[in-house]
Amino acid sequence: GTDKGMATTFGSTCHGAGRARSRSSSRAKLDYTDVLANLRTKGISIRVASPKLVMEEAPESYKDVTEVVNTCDRAGISKTVVKLRPVGVVKG
């Protein structure tokens, strides 16, 4: 964290990008096979208990994490250190 983060947010910052689309909207608007194909092209492997979870956790269901991280960095409440790339998703 940062001194400003400690003073203004008790040393807390976001722990993820946050949802851009509700779970029900994701299930209704995204296609299971399209999401799997998109993840596969990025080299991301996914295993889930139910196909509906694929749509709920699809990258399209979330805000742009880079934008969220950059916003926190610019606000001075946290510092960007490294960018990670997912290689797998476990949900279920």
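1. Basis. The model is predicted: local features need pLDDT of at least 70, side-chain atom pairs count only at pLDDT 80 or more, and totals for chains, interfaces and linings use all residues. Residues are numbered from 1 along each chain as its sequence is written, and side-chain values use heavy atoms, with hydrogens and water left out.

2. Helix α3. Helices (H or I, at least four residues) and strands (E, at least two) are DSSP runs, numbered from the N terminus. Helix α3 spans residues 32–41, and its residues Val35, Leu36 and Leu39 are buried; buried means under 20% relative accessible area, exposed over 50%, and partly exposed in between (1.4 Å probe, protein chains only). These buried residues line one face of α3, because they fall within an arc of 100 degrees when seen down its axis; the arc is that of the directions from the helix axis to the C-beta atoms. In general, an α-helix has 3.6 residues a turn, so residues three or four places apart point the same way. Asp34, Arg40 and Thr41 are exposed on the face of α3 turned away from the buried side.

3. Surroundings of α3. The cover over the buried residues of α3 includes β1 (45–48) and α4. Gly43, which follows α3, has a positive phi near 75 degrees.

4. Nonpolar core. A nonpolar core is a set of buried Ala, Val, Leu, Ile, Met, Phe, Trp, Tyr and Cys residues joined through side-chain atoms within 4.5 Å. The largest such core has nine residues: Leu30, Val35, Leu36, Leu39, Ile44, Ile46, Val54, Met55 and Ala58. Two or more residues come from each of α3 and α4, and α3 gives the most, with three.

5. Met55 and Ser26. Contact means heavy atoms within 4.5 Å. Apart from residues up to four places away in sequence, Met55 touches Ser26, Arg27, Leu30, Asp31, Tyr32 and Ser61. Ser26 is part of helix α2 (residues 23–29) and counts as buried because its relative accessibility is 0%. Its side chain makes a polar contact of 2.6 Å with the side chain of Ser61. A polar contact is a pair of N or O atoms within 3.5 Å; within protein, one must be able to donate a hydrogen and the other to accept it, and residues adjacent in sequence count only if both atoms are side-chain atoms.

6. Ser78. Ser78 lies in the loop between α5 and β2 (88–91), yet counts as buried at 15% relative accessibility. The side chains of Ser78 and Thr13 are joined by a polar contact of 3.4 Å. Beyond four places in sequence, Ser78 touches Thr2, Thr13, Cys72 and Asp73.

7. Pro59 and the ends of α5. Pro59 sits in the loop between α4 (51–56) and α5 (65–75) and is partly exposed, with a relative accessible area of 35%. Its C-alpha atom is separated by 9.5 Å from that of Ala20, 39 residues apart along the chain. Asp64 caps the N-terminal end of α5, with a side-chain oxygen 2.9 Å from the backbone nitrogen of Thr66. Just after α5, Gly76 has a positive phi of about 85 degrees.
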